[in-house]
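Let's take a look at one helix and its surroundings, and then at the pockets.

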Amino acid sequence: MSSTHLGRDLVIEFARVTEAAALSCAGLIGRGDEKAADAAAVEGMRNSLNTLPINGTVVIGEGERDEAPMLFIGEEVGSGGADVDLAMDPLEGTTICAKGQPNALAVIAAAPKGGLLNAPDVYMDKIAVGGGLPEGVIDLDKSVEENVRSVAKAKGKTIDQMIVCVLDRPRHVDKIKELRSLGCGVKLIGDGDVAGVIDTTNEEAGVDLYIGAGGAPEGVLAAAALRCIGGQFQGRLLFRNDDERARARKWGIKDLDRKYTLTELASKEVIFAATGVTDGSLLEGVRRKPGGFTTETIIMRSETKTVRWIKAFHPDED
């Protein structure tokens, strides 16, 4: 991809977008109102996006137009410029934000047109590892035990040294039991599987492998991040009923059983940005300081493999 499409001049701009979303919902952290927090983050992100010099199309957003008045799939944003597809979650972890728990993020990924899978808002079965491992070390079609043993061997670890990250959901009870029976440590997270996937790339987080079913949109966002910083990811859409299958076909998904690789989910060079809303393993959350707020943002660009952490102070507007 030529840098004329998504050049370095846009990198900081996308950091400002996620900062705006995080700041907009910060006053609702721990207040118990998921909808209000999400609406505030959406409004902040949308307003910021409309100042960017792009012709942006939302391919992953808050849902279909009738269900989401702002940042719906197909919405056009920006003030004019390069054609860009956008995947976003203005508040990834609405429940954990409402409860004041760790790892709520404001997240966005951008790619040239056609560069991100237009994933419907259904579940996706996922598996992910960080970089530096042999290609094919994970496989969604293999058992939990086979994948754990494969990653352990590649990392030179014993099974009891492995830590596997899983969303704490009833649908994962059997996986969690199996992992523990193998001798693995299991890191359970209440929400925020984008951060969970990225943790596989972060030695300080201590996560060796991510497995389980979560949102398909979050799967594309996680794949975009791994495209920038290295790693492997596979996902397969999961459907609970005919309505969800019809929704997938509407967005151009023809093979409903397809196993997607990282580069099929994020097929072109991307920019990925995330700002912490609450403190987490990846980023510090929004904090009130005398005269304003601080934010911490990670911004990545796959074309150059650069990763930046930005700590910013935002003075009170009044």
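**Helix 4 and what follows**

Just past helix 4, Gly156 adopts a positive phi of about 70°. This is a predicted model, where local features need pLDDT of at least 70, side-chain atom pairs count only at pLDDT 80 or more, and totals for chains, interfaces and linings use all residues. Residues are numbered from 1 along each chain as its sequence is written, and side-chain values use heavy atoms, with hydrogens and water left out.

On its buried list (under 20% relative accessible area, 1.4 Å probe, protein chains only) are Val144, Asn147, Val148, Val151 and Ala152. They sit on the same side of helix 4, because their arc around the axis (from the directions of the axis to the C-beta atoms) is only 130°.

**The largest pocket**

So what volume does the largest pocket have? About 810 Å³, counted as the space filled by probe spheres set on grid points joined across faces, edges and corners. A pocket here is an open set of points on a 1 Å grid over the protein atoms alone, where a 1.4 Å probe fits, with protein on both sides within 12 Å along at least five of seven lines; lining residues have an atom within 4 Å of a point.

Its lining has 33 residues, with Asp89, Thr94, Asp121, Gly215 and Glu218 nearest the centre. Strand 3 gives the most, four residues.

Methods: Buried means under 20% relative accessible area, exposed over 50%, partly exposed in between (1.4 Å probe, protein chains only). Helices (H or I, at least four residues) and strands (E, at least two) are DSSP runs, numbered from the N terminus.
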